[in-house]
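Please keep the sequence and the 3D view open while reading.

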Amino acid sequence: MNVVKFGGSSLASGSQLKKVLQIVKGDKARKVVVVSAPGKRSSDDEKVTDLLIDLGMKALAKQDYQAVLSSVIARYSSIAEELNLGNEIIDEIELNLAALVAGNKQEPDYYLDAFKASGEDNNAKLVAAYFNHEGLPARYVNPQEAGLIVTNEPGNARVLPEAYEKLQQLRASEEVIIFPGFFGYTKDGKVCTFSRGGSDITGAILANGTQADLYENFTDVDAIYVANPNVVENPKGIKTLTYREMRELSYAGFSVLHDEALQPAFKQGIPVQIKNTNNPEAPGTSIVKERHSADQGVVGIASSHGFCSIYIEKYLMNREIGFGRRVLEILEDQKLSYEHMPSGIDDLTIILRDHQLSDEGEAALLERLRIELEADSVVVERNLALIMIVGEGMRRKIGTMSKAATAFAESNINIDMINQGASEVSVMFGIAADQEDKAIQALYKAFFE
Ligand SMILES: Nc1ncnc2c1ncn2[C@@H]1O[C@H](COP(=O)(O)OP(=O)(O)O)[C@@H](O)[C@H]1O
Ligand SMILES: N[C@@H](CC(=O)OP(=O)(O)O)C(=O)O
């Protein structure tokens with residue numbers, strides 16, 4: 001049995017839904033279908049999730065929301081019309097949105113999450129109606145009914161372990177199950193969404209819970225490419241990746257699969273297959289436990305921006321017991337999570353996501369680091385990009401670092417920071433954010449051309 005997830009690009013219009021139906025019909029193993037909200041029909045279009053966030057914010061702020069509400073309804077109406085579905089489903093969606101607007105505004109984060117989740121929830125109902133209309137017996141399943149319970153973290157929920165056992169019951173369904181992605185319910189019955197792009201996570205949770213043979217993730221590219229196709233022209237496709245490689249690559253910027261969607265599949269050893277809804281014949285990319293082409297060094301190059309670094313220097317830091325703990329305590333007190341912490345003898349650097357640190361927050365943090373740690377110097381650098389080269393085979397390959405360093409040097413890019421993870425699956429470079437694309441192109445040329 002397969003769990004199949006379709007992303008927003010695969011569900012953006014009626015013609016896309018026709019392809020989805022053919023794909024589901026094409027293999028009887030495709031029993032559980034996870035859907036996203038309608039995505040962009042073209043590059044200048046808007047995702048329904050973004051419209052819903054706008055709608056929720058306006059309703060919360062008691063601003064005029066009629067225009068954006070109409071845009072949301074228009075997206076579903078145009079799909080329903082293209083598929084000759086009649087008005088019933090659109091009436092249901094209109095009622096649902098009206099109920100959301102009138103919902104409890106006491107807890108704004110939960111109020112907004114209910115809007116965000118409705119994008120997938122209403123779409124799942126629409127897809128189920130369409131499949132039945134076309135003679136394929138299908139059933140919408142609500143995540144609460146299925147037992148998909150999550151933590152109380154609006155916009156950033158995590159699945160609770162006890163969910164998996166309950167989800168097993170989905171295997172027994174006679175009909176194809178249409179399951180909305182992106183959210184679950186807390187123990188006290190509130191809707192809570194995963195982080196953005198989180199329908200991939202729902203797919204992986206369901207694959208784990210139902211002990212599926214395969215998790216197929218349908219998107220709009222023929223494969224995962226070795227570098228972002230929006231940055232490198234015609235990059236090479238990847239046939240097979242390991243879970244660890246994909247986890248590193250998606251963390252570092254391969255937005256094609258959410259980085260939290262690997263763990264649930266990995267725990268059950270369920271292979272993940274990335275496929276193209278617009279070209280289902282293309283083999284796509286497999287993500288599995290082990291890859292046998294061991295001679296391959298770097299398998300992919302990813303990047304993301306929006307980071308800052310805090311450099312702390314103190315003579316004899318290496319001999320000071322508890323120094324690292326005190327740094328981390330200050331971060332915890334200031335409610336900051338950190339991403340990486342490369343260190344030297346007398347210095348260490350903390351890499352954080354930039355958005356966490358307001359100007360006032362920065363000043364408070366620096367003062368505490370300087371005074372409480374008696375540091376010789378504390379320096380913040382904003383607008384950093386992190387570039388990551390990834391590959392399990394790198395640890396056996398000589399010369400990878402020198403090749404990367406040469407590529408940076410030849411493109412006149414200064415490396416601010418290098419961090420090699422202990423696992424040697426990846427090496428990370430910190431550079432100025434405005435050099436990000438140039439760096440990816442240079443590394444692509446060095447490793448793949
Ligand atoms: N290395 C990569 N390989 C393939 N696609 C990538 C890569 N890096 C970024 N992407 C982007 O990811 C997109 C697919 O992800 P996403 O937009 O979330 O799809 P969906 O709508 O199916 O959820 C691609 O269209 C591509 O622009
Ligand atoms: N619709 C949600 C969840 C999601 O996974 O969407 P997509 O499959 O289009 O990336 C979002 O935009 O974040």
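## A bridge between S7 and S11

Glu 216 has Gln 273 as its bridge partner in S11, and Phe 218 likewise stands opposite Lys 275 of S11. Strand S7 (residues 214-219) and strand S11 (residues 272-276) run parallel and are joined by five bridges; strands here are DSSP runs of E with at least two residues, numbered from the N terminus, and two of them pair if DSSP finds at least two bridges between them.

This is a predicted model, in which local features need pLDDT of at least 70 and side-chain atom pairs count only at pLDDT 80 or more, while totals for chains, interfaces and linings use all residues. Residues are numbered from 1 along each chain as its sequence is written, chains are lettered from A and ligands numbered from 1 in the order in which they are written, and side-chain values use heavy atoms, leaving out hydrogens and water.

## The other neighbour of S7

Strand S1 (residues 2-6) also pairs with S7 in the parallel sense, over five bridges, and in this pairing Asn 2 stands opposite Leu 214. S7 is mostly covered, with five of its six residues buried (under 20% relative accessible area, using a 1.4 Å probe and protein chains only).

## The whole sheet

Eight strands make up an open sheet of mixed pairing, in the order S3-S4-S2-S1-S7-S11-S12-S10. Strand S3 (138-140) and strand S10 (240-242) are the edge strands, each pairing on one side only.

Terms used:
Helices (H or I, at least four residues) and strands (E, at least two) are DSSP runs, numbered from the N terminus. Buried means under 20% relative accessible area, exposed over 50%, partly exposed in between (1.4 Å probe, protein chains only).
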